[in-house]
Amino acid sequence: MTFHNGFATFQATKPSNYSLGRVFESRRRLLYKEGPHVSPVGFGSYRVGMSKHLGYPECAQALESALKKGINLIDTSSNYGYGQSEMLIGKTLTKLIQEGVIRRENIVVVSKVGYIQASNIELAKSKELQGNGFFEVSKFGEEIWHCIHPDFIFDQINRSLSRLGLETIDVYLLHNPEYMLKKFELEGMDVLNAKKLFYSRLKESFMALESLVLEGKIKAYGVSSNNLGAPDDEYASISIRTVHEIAKSISENHHFKVAQFPMNWLEVSPAFYDIDGTGESTLSYAQKNDIGVMLNRPFNAMFNDGLIRLSRPQVKKEEVEKLDEGMRLGLANWTKLATDLESLARDQLADVPGYDDATLSQFVVSTLAWYPGVTSVLCGIRKEVYVEDVEQALVRPALHRAREHLYRIYENLEFST
Ligand SMILES: NC(=O)c1ccc[n+]([C@@H]2O[C@H](COP(=O)([O-])OP(=O)(O)OC[C@H]3O[C@@H](n4cnc5c(N)ncnc54)[C@H](OP(=O)(O)O)[C@@H]3O)[C@@H](O)[C@H]2O)c1
């Protein structure tokens, strides 16, 4: 196994004179002060891996194409694709580095720790049997456990580095730490005690992450949570301000640099909800405090416990012919929804040139990527056509009034009523 040393740097990720025409590169932004620059769209790798049912080899080709086009942000986790996502990324990086297409210093690799699934669950169970199990594990049935205890972090970082073939991960995130709060809620703990215990454990995790920075295993860390930006009165909500204050209490020179959370046309609370009643949203807080923001699930909107796909179906004609009647009806409904949403967005952006023929996914990417405080939008672009599609979103003019556009689109969505 090849291990690549180094990490993404400010200088090596800066758009060069040659980036003209390569929008993913020319539109790069700084992730945090003195940190690397990242493309406004990142490669999300939740559903990629080395097996056919995870889209291999097409997903590897999509990643290669994304990197060649100047996408330089890759988001993964120990549990994505049953651990195969990190392996596929490692293989692809090695191939492109050896071919001289990219350098390690050009690419920002984000991975996460928290889930105990797949091979990790066997490991955790066998450690328990031997009497030296991981501490503070939250169990949700036989197959999903969760942990952010320092000892677990120290165990997992080496496994992720090895799967990725890297000596340093650029950004290491605690993955959905709200699982701990959910467990406390199930156990009937009162919310004030739950939050107190949660944030004190989070501080221990941050101290562990600081020590990984000192060791050179990671460059920066952060939190990825579905509940960052959720209303404070929700039991498992997490406040970006409190998380940031914890990092500052460890050191003024802390390395808490990045927050990741879902945001899309239906889930807008990180943009519009005031955190802690201060008049500040999660996004505006992050922007003012130099915290890089990665949005996830741009096209997968959760609504009333269901899922609405905010993209136009990309089904080939011959595939449509193979569908049964029910599936065809579903496809027709989805196509109609996409057409309606495209026409809504077109109306709202009528005075912005260059969007007349945008697809739904392109409208979504543009309104999110240009939203103030957003550094990058992570997209599940596991097919080359998806990479090309989002590229066309960024070719279009910058949306200087993205806040207003998103607000008006949200207000006019039928789902929002
Ligand atoms: N808690 C967390 O840390 C967390 C949670 C969620 C996501 N993430 C990260 O964020 C990334 C993005 O989220 P996601 O993959 O769940 O959802 P997404 O980006 O919203 O994409 C959802 C699905 O939309 C389809 N799609 C993607 N690009 C498209 C395009 N241009 N045109 C048409 N359809 C397109 C793909 O469907 P098919 O797969 O059916 O082809 C994709 O799986 C993840 O891959 C992961 O890296 C992190």
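**View 1. Helix H5 meets helix H7 in this predicted model.** Pro150, Ile153, Phe154 and Ile157 of H5 touch Glu204, Ser205, Ala208, Leu209, Ser211 and Leu212 of H7. Sorted by class, this contact between H5 and H7 holds seven nonpolar residues, two polar ones and one charged one. To follow the view, look for H5 at residues 150-164 and H7 at residues 191-215. The two helices pack at an angle of about 35°, and their axes are 9 Å apart. H5 and H7 cross in the right-handed sense. Every structure shown in these legends is part of a predicted model.

**View 2. Helix H2 crosses helix H3.** Here we turn to another pair of helices. H2 covers residues 58-68, and H3 covers residues 84-98. Two packed helices are described by the angle between their axes and the distance between the axes. For H2 and H3, the axes come within 10 Å and cross at roughly 50°. H2 is therefore oblique to H3. The crossing of this pair, H2 with H3, is right-handed. On the H2 side, the contact is made by Cys59, Ala60, Leu63, Glu64, Leu67 and Lys68. H3 brings Leu88, Ile89, Thr92, Leu93, Lys95 and Leu96 to the contact. Eight nonpolar, one polar and three charged residues make up the contact of H2 with H3.

**View 3. Eight strands form a closed barrel.** Follow the strands around in the order E3-E4-E5-E9-E10-E11-E14-E17, and you trace a closed barrel with parallel pairing. Neighbouring strands of this sheet are turned against each other by 30° on average, direction ignored. Ser111 stands opposite Tyr172 of E9.

View 4. Helix H8 (residues 240-250) lies across strand E10 (218-224) and strand E11 (256-262). H8 runs at about 160° to E11. The UniProt record, an unreviewed entry, places the feature "domain: NADP-dependent oxidoreductase" at residues 41-394. Within the span 41-394, 45% is helix and 18% is strand. The end C-alpha atoms of that span lie 9 Å apart.

View 5. Strands of a sheet pair through backbone hydrogen bonds, either parallel or antiparallel. In this open sheet the pairing is antiparallel, and the strand order is E6-E8-E7. Strand E6 (115-116) and strand E7 (138-140) are the edge strands, each pairing on one side only. Helix H6 (residues 178-186) packs on the sheet and touches E6, E7 and E8. The direction of H6 makes about 75° with that of E7. Two bridges link E6 to strand E8 (residues 144-146). Ile116 has Trp145 of E8 as its bridge partner.

**View 6. Strands E15 and E16 form a hairpin.** E15 spans residues 300-303, E16 spans residues 306-309, and the two pair in the antiparallel sense over four bridges. Asn300 has Arg309 in E16 as its bridge partner. Two residues sit between the strands of this hairpin, and Asn304 takes a positive phi near 50°.

**View 7. Two loops hold backbone details to look for.** Most residues other than glycine have a negative phi, and most peptide bonds are trans. In the loop between E3 and H2 you will find Pro57. The peptide bond from Tyr56 to Pro57 is cis, with omega near 5°. Glu34 belongs to the loop between strand E1 (29-30) and strand E2 (37-38). Although Glu34 is not a glycine, it has a positive phi of about 65°.

Key. Residues are numbered from 1 along each chain as its sequence is written. This is a predicted model: local features need pLDDT of at least 70, side-chain atom pairs count only at pLDDT 80 or more; totals for chains, interfaces and linings use all residues. Side-chain values use heavy atoms; hydrogens and water are left out. Two strands pair if DSSP finds at least two bridges between them. Contact means heavy atoms within 4.5 Å. Axes are lines fitted to C-alpha atoms, for helices over the stretch in contact, and angles run from 0 to 180 degrees between N-to-C directions. Angles under 35 degrees count as roughly parallel, over 145 as roughly antiparallel, 65 to 115 as roughly perpendicular and the rest as oblique. A crossing is left-handed if the near helix is turned anticlockwise from the far one by less than a right angle, and right-handed if clockwise. Ala, Val, Leu, Ile, Met, Phe, Trp, Tyr, Cys and Pro count as nonpolar, Asp, Glu, Lys and Arg as charged, and the others, Gly among them, as polar. UniProt positions are given in the numbering used here, feature names are shortened, and annotations may be inferred rather than shown by experiment.
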